[in-house]
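Thank you for sending this model for comment.

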Amino acid sequence: MSTARTVRLSREIKNMKEKPVWGITCHPLKEDVYDVLQVKMAGPRGSPYEKGLFELIINIPDKYPFEPPQVKFVTPVYHPNIDKGGRICMNMLKMPTRETEGWLPTITIETLLISIQTLLANPNPDDPLMMEIAMEYKSDIDKFKENASKHTEQYAV
């Protein structure tokens with residue numbers, strides 16, 4: 001692991017501890033080893049996930065920050081942009097292409113986690129991983145909220 005990568009990640013994690021973001025904690029799975037980070041994320045207020053506490057794992061690539069981290073939900077989530085394996089469909093987690101924006105080296109772990117928490121509250125049904133949930137979100141938002149809320153109570157409380 002490169003020294004610059006370690007220095008940057010330790011600084012990012014230290015900043016999050018010193019100035020905590022509402023509802024998000026993040027630390028290395030093994031102390032002072034920044035390959036895998038463990039995250040606890042509270043569901044956003046006013047969303048069907050607000051009573052939940054979600055666990056995520058972040059795998060940091062060797063080329064971070066020039067490649068995006070791989071982020072997965074360990075806790076099952078009922079959401080159009082998160083599949084049953086916990087993978088997240090979000091441009092910020094992809095390498096940029098000519099057609100789409102994506103990961104930038106200036107994005108921090110904190111910014112990424114806030115964006116994921118925001119995605120929980122504001123699904124993007126036009127870019128889904130879970131087509132059926134996206135269709136439900138578009139056609140019957142109340143049923144979606146009810147299902148997401150029940151799923152959260154079952155798995156994330």
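1. Basis of the note. This is a predicted model, in which local features need pLDDT of at least 70 and side-chain atom pairs count only at pLDDT 80 or more, while totals for chains, interfaces and linings use all residues. Residues are numbered from 1 along each chain as its sequence is written, and side-chain values use heavy atoms, with hydrogens and water left out.

2. Overall architecture. The protein has four helices and four strands, where helices (H or I, at least four residues) and strands (E, at least two) are DSSP runs numbered from the N terminus. Read from the N terminus, the order of the elements is α-β-β-β-β-α-α-α. The radius of gyration of the protein is 16 Å, close to the 15 Å that the globule rule gives for 157 residues, so the protein is as compact as a globular protein of that length; the radius is taken over C-alpha atoms, and the rule is 2.2 Å times the number of residues to the power 0.38. Along the principal axes, the C-alpha atoms fill a box of roughly 50 × 40 × 25 Å.

3. Of the 157 residues, 44% count as buried, with buried meaning under 20% relative accessible area, exposed over 50%, and partly exposed in between (1.4 Å probe, protein chains only). The accessible surface of the protein comes to about 9100 Å², of which carbon and sulfur atoms account for 52%; such areas come from the Shrake-Rupley method with a 1.4 Å probe, and for residues only the protein chains shown count as cover. There are 20 positive and 21 negative side chains, and the centres of the two sets lie 3 Å apart. Here Lys and Arg count as positive and Asp and Glu as negative, with His and the chain ends not counted, and the place of a charge is taken as NZ of Lys, CZ of Arg, CG of Asp or CD of Glu.

4. Contacts along the chain. Among contacts between residues at least 6 apart in sequence, 54% join residues at least 24 apart, where contact means heavy atoms within 4.5 Å.

5. Strand 1 (24–30) and strand 2 (residues 33–42) run antiparallel and are joined by six bridges; two strands pair if DSSP finds at least two bridges between them. I24 stands opposite M41 in strand 2. The two strands form a hairpin with two residues between them, and D32 in the loop between them has a positive phi of about 65° although D32 is not a glycine. D32 is exposed, with a relative accessible area of 54%.

6. The rest of the strand pairing. Seven bridges join strand 2 to strand 3 (residues 53–59), again in antiparallel fashion, and Q38 stands opposite I57 in strand 3. Strand 3 is in turn joined to strand 4 (residues 70–73) by four bridges, and these two strands also run antiparallel. In this pairing L56 stands opposite F73, and the bridge partner of N59 is Q70. In the loop between strand 3 and strand 4 lies P65, and the peptide bond from Y64 to P65 is cis, with omega near 5°.

7. Which residues form the covered face of strand 4, and which the uncovered one? V71 and F73 make up the covered face, whereas Q70 and K72 make up the uncovered one. In a regular strand the side chains alternate between the two faces of the sheet. Q70 counts as exposed at 57% relative accessibility, and, leaving aside neighbours within four places in sequence, Q70 is in contact with I57, I58 and N59. The C-alpha atoms of Q70 and L93, 23 residues apart in sequence, are 7.2 Å apart in space.

8. Two helix positions. L119 lies in helix 2 (residues 109–121) and counts as buried at 10% relative accessibility. Beyond neighbours within four places in sequence, the contacts of L119 are H79, N81, I88, C89, M90 and N124; the C-alpha atoms of L119 and C89, 30 residues apart along the chain, are separated by 9.7 Å. S149, in helix 4 (residues 141–155), is partly exposed, with a relative accessible area of 24%. S149 and G52 are 97 residues apart in sequence, and their C-alpha atoms are 8.8 Å apart in space.
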